[in-house]
Every structure is written in structure tokens, then in C-alpha cells.
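Please look over the model below before reading the notes. They are meant to be checked against it point by point.

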Amino acid sequence: KAENNVDRRAYTFFIKSLSKNNSAYMQETLGTQENVKNFTRQNLISHYKKMHDPSNITIIVSGNFDEK
């Protein structure tokens with residue numbers, strides 16, 4: 001749980017000190033605990049089919065490598 005993670009709590013405190021509460025940085029990326037509790041199997045399947053599609057994937061390669 002995020003509330004039990006010292007690093008997460010420190011990060012949240014740091015961001016709160018720099019941002020207004022309505023900042024995008026203050027939005028939970030995984031959802032609130034209440035929101036996640038209400039997920040259904042169908043919600044997850046729909047999200048997966050919509051977002052985890054080859055047309056939504058971008059592959060980025062960087063570094064010193066041989067293109068061949």
C-alpha cells in the first residue's frame with residue numbers, strides 16, 4: 001500500500017509542497033483505494049483491450065548499437 005511506503009509518502013509530501021492540490025502531479029496513477037475496490041472483471045478486460053493494443057505501442061531504442 002502506498003500509505004505504508006516511506007518513499008511514496010516522502011515523494012507525495014515533496015510534490016504537495018511544490019504543487020497545488022489540483023495539479024496533475026497529485027493525481028493517483030493507479031487510482032484511489034476506493035476506486036480500485038470497485039473495479040470489475042469487465043472493467044479490466046475493457047481497459048486491456050482498449051489500451052494494450054499494438055496500435056497503442058511505441059518502442060524507443062537509444063544507445064550505442066549496431067542497426068544491423
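The points below cover confidence, fold, the first helix and the surface.

1. This is a predicted model, in which local features need pLDDT of at least 70, side-chain atom pairs count only at pLDDT 80 or more, and totals for chains, interfaces and linings use all residues. Residues are numbered from 1 along each chain as its sequence is written, and side-chain values use heavy atoms, with hydrogens and water left out.

2. The mean pLDDT (the predictor's confidence in each residue, from 0 to 100) is 78 for the chain, and 78% of its residues reach 70 or more. Confidence is lowest in H1, with a mean of 80, and highest in H3, at 88. Where pLDDT is low, predicted coordinates should not be read in detail.

3. The chain has 3 helices and 0 strands (DSSP runs numbered from the N terminus; helices are H or I of at least four residues, strands E of at least two). The order from the N terminus is α-α-α.

4. Helix H1 covers residues 6-18, 13 residues in total, and reaches 19 Å from its first C-alpha to its last, close to the 18 Å expected at 1.5 Å a residue. The expected span is 1.5 Å times one less than the number of residues.

5. Of the 68 residues in the chain, 6% are buried (under 20% relative accessible area, with exposed over 50% and partly exposed in between; 1.4 Å probe, protein chains only). Val 61, in the segment after helix H3 (41-51), is exposed, at a relative accessible area of 56%.
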